[in-house]
Amino acid sequence: MTEAWVRNKPGMASVKEMPLVQDGPPPGGFAPVRYARRIPTSGPSATAMFLTAFGAFAYGMYQVGQGNKVRRALKEEKIAARSAILPMLQAEEDERFVKEWKKYLEEEARIMKDVPGWKVGESVYNSGKWMPPATGELRPEVW
């Protein structure tokens with residue numbers, strides 16, 4: 001594009017003949033430039049968020065405490081039930097032990113019948129204390 005076509009004039013002899021075209025501020029001036037940091041105050045305040053978080057935490061701790069009470073009650077009930085059934089279980093174990101002990105003594109008498117002076121059921125250690133074996137069976141490797 002030529003200058004003549006842009007300005008709708010036949011042409012120029014020098015730059016001084018050019019009409020003065022300059023941008024300026026709008027009437028009343030430009031709006032002020034905001035350079036300060038202004039954060040909008042939308043949403044809950046820090047105090048409200050803190051109180052909400054504290055409330056949620058407090059409610060959670062309350063629920064934990066209630067759960068502990070329930071769990072403690074169930075544990076006490078379980079212990080009471082086990083205490084109530086313990087004598088029956090002990091009686092069954094004693095009965096089983098007596099049967100196994102009789103079998104053991106019969107087996108010992110059969111094996112040691114040819115040994116002179118052997119007393120069936122007598123301890124070879126002579127500790128003076130009798131203690132039932134801790135295992136469920138009496139010397140299964142002998143049978």
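The dialogue below explains how to read several features of this predicted model.

Reader: Which conventions apply to the numbering and to the values?

Author: Residues are numbered from 1 along each chain as its sequence is written, and side-chain values use heavy atoms, with hydrogens and water left out. As this is a predicted model, local features need pLDDT of at least 70 and side-chain atom pairs count only at pLDDT 80 or more, while totals for chains, interfaces and linings use all residues.

Reader: How many helices and strands does the chain have?

Author: Helices (H or I, at least four residues) and strands (E, at least two) are DSSP runs, numbered from the N terminus. In this chain there are 2 helices and 0 strands.

Reader: Where does helix 2 have a kink?

Author: The bend at a residue is the angle between two fitted axes, one for the seven residues ending there and one for the seven starting there. Helix 2 covers residues 46–111 and has a kink of about 40 degrees at Leu 86, shortly before the proline Pro 87.

Reader: Which residues of helix 2 are buried?

Author: Buried means under 20% relative accessible area, exposed means over 50%, and partly exposed lies in between (1.4 Å probe, protein chains only). In helix 2 the buried residues are Phe 97, Glu 100, Tyr 104, Glu 107 and Glu 108. Across the 143 residues of the chain, 4% count as buried.

Reader: What share of the contacts joins residues 24 or more positions apart?

Author: A contact means heavy atoms within 4.5 Å. Among contacts in the chain with a separation of 6 or more, 44% are between residues 24 or more positions apart.

Reader: Which residues form a nonpolar patch on the surface?

Author: Patches are made of residues with over 30% relative accessible area and no salt bridge; like charges are joined within 9 Å, and nonpolar side chains (Val, Leu, Ile, Met, Phe, Trp, Tyr) within 5 Å. Accessible areas come from the Shrake-Rupley method with a 1.4 Å probe, and for residues only the protein chains shown count as cover. Here the patch consists of Phe 50, Leu 51 and Phe 54, with about 360 Å² of accessible area together. Leu 51 lies in helix 2 and counts as exposed because its relative accessibility is 53%. The chain exposes about 13500 Å², of which carbon and sulfur atoms supply 62%.

Reader: How many salt bridges are there?

Author: A salt bridge is a side-chain nitrogen of Lys or Arg within 4 Å of a carboxyl oxygen of Asp or Glu. By this rule the count is 5. One of them joins Glu 95 and Lys 99 at 3.9 Å, N to O; these residues are separated by about one helical turn because they are 4 residues apart in helix 2. Glu 100 also forms a salt bridge with Lys 103, with the closest N and O atoms 4.0 Å apart. Glu 100 is buried, at 14% relative accessible area, whereas Lys 103 is partly exposed, at 46%.

Reader: Where does UniProt place the feature "transmembrane region"?

Author: UniProt positions are given in the numbering used here, feature names are shortened, and annotations may be inferred rather than shown by experiment. The unreviewed UniProt entry places this feature at residues 43–62. Over residues 43–62 the model is 85% helix and 0% strand, and the end C-alpha atoms are 28 Å apart.
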